[in-house]
Amino acid sequence: VFRESDGALEATASASASSLTMSTTTGSKKVAALVNAPAVSVTTLTELEAKVSDLADNGSGALVMYGMETKQVTTDASVNITVTRLVAKIRIQKITNAIAQTEYASETMSIDGIFVLNAAGDALYTRGSYAPTKWYNFKEMKGECSGLLSDTLTGKTLAKDASLSETYTYYCYANPTTNDSSEDNDAARFTRLVVKATIAGKTAYYPMSIQNIEANHVYTVTELKITRLGSDDPDSPITTGEATFTVTVASWEDGTTTDYTI
């Protein structure tokens, strides 16, 4: 509980329930709630607004949340605070083997894993404007925050035109990056949901870039339809285009010229 006039901390408490009681003076207050978060130590509202949360502090069943209400506190006042999640939810609902090349039509596709690359790893508790300074699974799958960012799959095989209709869900912090990069540098880049598959003994990655990720928003891939062999790099988006190939018959080359008398 902070005084609205100068942001000074007046009271703090914690509980494992959705309500608690604190003693404070009457007057206009800003009341903040942190849920499923580590304990923070502040003496002013300004200090709280500068506090940064780490994605690793979340669990699939215990997501970090924050909320604030301004309230004129009187004797025996009751304050209801709505909290929202710091994470965004990314999910994929269906994967279909629609590979078009006849050479692979008779091959069974194995879906080996699904993971998130370039996951923003830090954010302000207050959900203010913030450029991430920490990244998980940056440019490659490193197994970081596995309970939030990845699944290893076994026994998920797809014949031609078959689908895996199961929902897989992941969580990351907001990523405001506007310019993508897949080059070998340290530049911020889009967050990518990646499906790893094996086709005819070849590993293939199918990265799907998700732009402008915001907290407490859900981003859903309803279906990934695989029509071609994927990338060999999980951080390189697959782009397609047309190329013209011209076949030219080479001129005859001179061999030997010989007279024979037999």
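The entries below take the aromatic pairs and then the threonine.

**Entry: aromatic pairs.** I worked on a predicted model. I took ring centres within 6.5 Å as the criterion for a pair, and the count came to two aromatic pairs.

I looked up the rings of Phe115 and Tyr205: their centres are 6.5 Å apart and their planes stand at 70 degrees.

I then checked where the two residues sit. Phe115 belongs to strand β8 (residues 109-117) and Tyr205 to strand β17 (residues 202-210). The pair links distant parts of the chain, 90 residues apart.

I noted the accessibility of each partner. Phe115 has a relative accessible area of 5% and is buried. Tyr205, at 16% relative accessibility, also counts as buried, because the limit for buried is under 20%.

I turned to Trp135 and Phe138, whose ring centres are 6.3 Å apart with planes at 40 degrees. I recorded both Trp135 and Phe138 as buried.

**Entry: Thr96.** I located Thr96 in strand β7 (residues 95-97). Its relative accessibility is 7%, so I listed Thr96 as buried.

Which side chain does the side chain of Thr96 meet in a polar contact? I found that of Glu223, at 2.5 Å. Leaving aside neighbours within four places in sequence, I listed the contacts of Thr96 as Ala162, Ser163, Glu223, Leu224, Lys225 and Ile226.

Key. Residues are numbered from 1 along each chain as its sequence is written. This is a predicted model: local features need pLDDT of at least 70, side-chain atom pairs count only at pLDDT 80 or more; totals for chains, interfaces and linings use all residues. Side-chain values use heavy atoms; hydrogens and water are left out. Rings of Phe, Tyr and Trp (its six-membered ring) pair if their centres lie within 6.5 Å; planes under 30 degrees apart count as stacked, over 60 as edge-to-face and the rest as tilted. Helices (H or I, at least four residues) and strands (E, at least two) are DSSP runs, numbered from the N terminus. Buried means under 20% relative accessible area, exposed over 50%, partly exposed in between (1.4 Å probe, protein chains only). A polar contact is a pair of N or O atoms within 3.5 Å; within protein, one must be able to donate a hydrogen and the other to accept it, and residues adjacent in sequence count only if both atoms are side-chain atoms. Contact means heavy atoms within 4.5 Å.
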